Amino acid sequence: MTAKDLTLSYELYLAAPAADVWKALTDGAQTEQYFYGTRLVSSLKPGAPLQYLAGEAKMVEGEIVEIERGRRLVARQRSLWDEKVAADPASTVAWELTPMGERATRLTLVQSGFARETETYTQHAQGWPVILSSLKTLVETGKPLVLPAQA
């Protein structure tokens, strides 16, 4: 497997307008509800810093690479929640929204730039399905997905 092959890619359909999905992706009050309790902090401009904070603790830090409001958000970022992921280099996370009529959205998430199967790659492969499922539940019902604590 080459580094080019090491990407995490997800596509899902949400029964919500793209504007609602975009708001959920970019509004820190909403990210706290589905993104493991972390709040997005960024001015959302190219070159701007991006952070996901749990209280005042930085869980993720990075920089906005590209943004097309309502459609696409790309960030180069690294995870910091434990020593193993903090030792890994940054990767690129790209969110893309495609309206499917007025009341549905296709969401594509691609995380790339892994030189090898790092701890970040492994943990994100487990975490993205939970985050995306909770995001979908939040925008479709107005309430976050509540899962039992995992051992």
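**Figure 1. Contacts across the sequence in the protein chain.** Of the contacts in the protein chain with a separation of 6 or more, 45% are between residues 24 or more positions apart; contact means heavy atoms within 4.5 Å. The model is predicted, so that local features need pLDDT of at least 70 and side-chain atom pairs count only at pLDDT 80 or more, while totals for chains, interfaces and linings use all residues. Residues are numbered from 1 along each chain as its sequence is written, and side-chain values use heavy atoms, with hydrogens and water left out.

**Figure 2. Secondary structure and dimensions of the protein chain.** Four helices and seven strands make up the secondary structure; helices (H or I, at least four residues) and strands (E, at least two) are DSSP runs, numbered from the N terminus. Their order from the N terminus is β-α-α-β-β-β-β-α-β-β-α. The C-alpha trace spans about 40 × 35 × 30 Å along its principal axes. The radius of gyration of the protein chain is 15 Å, which agrees with the value near 15 Å for a compact globule with 151 residues. This radius is taken over C-alpha atoms, and the globule rule is 2.2 Å times the number of residues to the power 0.38.

**Figure 3. Surface and burial in the protein chain.** Of the 151 residues, 39% are buried, where buried means under 20% relative accessible area, exposed over 50%, and partly exposed in between (1.4 Å probe, protein chains only).

Figure 4. Tyr36 is found in the loop between helix 2 (28-34) and strand 2 (39-42). Although Tyr36 is not a glycine, its phi is positive, at about 50°. Tyr36 counts as exposed because its relative accessibility is 52%. Thr38 lies in the loop between helix 2 and strand 2, and is buried, with a relative accessible area of 4%. Beyond its neighbours within four places in sequence, Thr38 is in contact with Gly28, Thr31, Glu32, Tyr52, Leu53, Ala54 and Met59.

**Figure 5. Leu44 in the loop between strand 2 and strand 3.** The loop that holds Leu44 lies between strand 2 and strand 3 (49-54). Leu44 has a positive phi of about 55° although it is not a glycine. With a relative accessible area of 8%, Leu44 is buried.
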